[in-house]
Amino acid sequence: MSTLYTIHPSPLGDLLIAGPEPGALSSITVPGQKGGARVLPDWRRDDAAFAEATRQLDAYFAGEAKEFDLTLATRGSEFRERVWAALDRIPYGSTVTYGELTAMAGLEPRSVRAVGGAVGSNPLMVVRPCHRVIGANGSLTGYAGGLDRKRHLLALEGVL
């Protein structure tokens, strides 16, 4: 089975949106993203397959939507999926520290570095809001899409 994908313009650059079937998202990648997906030879472009995702992303970037209602089809370890589920619970317009996210995921404080790794491997930029995670001192630490994009997203949400 080949992966479907589309390329969609956004304020962050062209988004590579991919998934195993129409409407099911396994990846949203920004240009130059650390560890981001790339179109592989067996992938098939299908712009209609992600029409709802692109509509919701456009509404978010226009300031007209604060959450997403999309089918997610990520595949991670049990640990990563647990951390990603905690990311999904961070409200629009707010931030949490890596330590707070660790607690939200029901993990021991000593897991905070591994939680940071799971956040960094989030395959769904924007939709799964890893941009809302900040350092313990309030700094805008690491973001696979680049700190300028993180600042842009947090400013859009009224945090900065």
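Predicted model: local features only at pLDDT ≥ 70, side-chain atom pairs only at ≥ 80, totals over all residues.

Author: Residues are numbered from 1 along each chain as its sequence is written, and side-chain values use heavy atoms, with hydrogens and water left out.

Reader: Which elements do the buried residues of α1 pack against?

Author: Helices (H or I, at least four residues) and strands (E, at least two) are DSSP runs, numbered from the N terminus. Buried means under 20% relative accessible area, exposed over 50%, partly exposed in between (1.4 Å probe, protein chains only). In α1, residues 51–61, the buried positions include Ala 53, Leu 57 and Tyr 60. With contact meaning heavy atoms within 4.5 Å, the buried residues of α1 pack against β1 (4–8), β2 (15–19), β3 (24–25), β4 (27–29) and α5 (147–156).

Reader: How many aromatic pairs are there, and why is the pair of Tyr 60 and Phe 61 edge-to-face?

Author: Rings of Phe, Tyr and Trp (its six-membered ring) pair if their centres lie within 6.5 Å; planes under 30 degrees apart count as stacked, over 60 as edge-to-face and the rest as tilted. The count by this rule is four aromatic pairs. For Tyr 60 and Phe 61 the centres are 5.4 Å apart and the planes stand at 70°, so the pair is edge-to-face.

Reader: Where does Tyr 92, the other partner of Tyr 60, lie?

Author: Tyr 60 and Tyr 92 pair edge-to-face, at 6.2 Å centre to centre and 85° between the planes. This pair links distant parts of the chain, 32 residues apart: Tyr 60 is in helix α1, and Tyr 92 is in the loop between α2 (78–88) and β7 (96–97).
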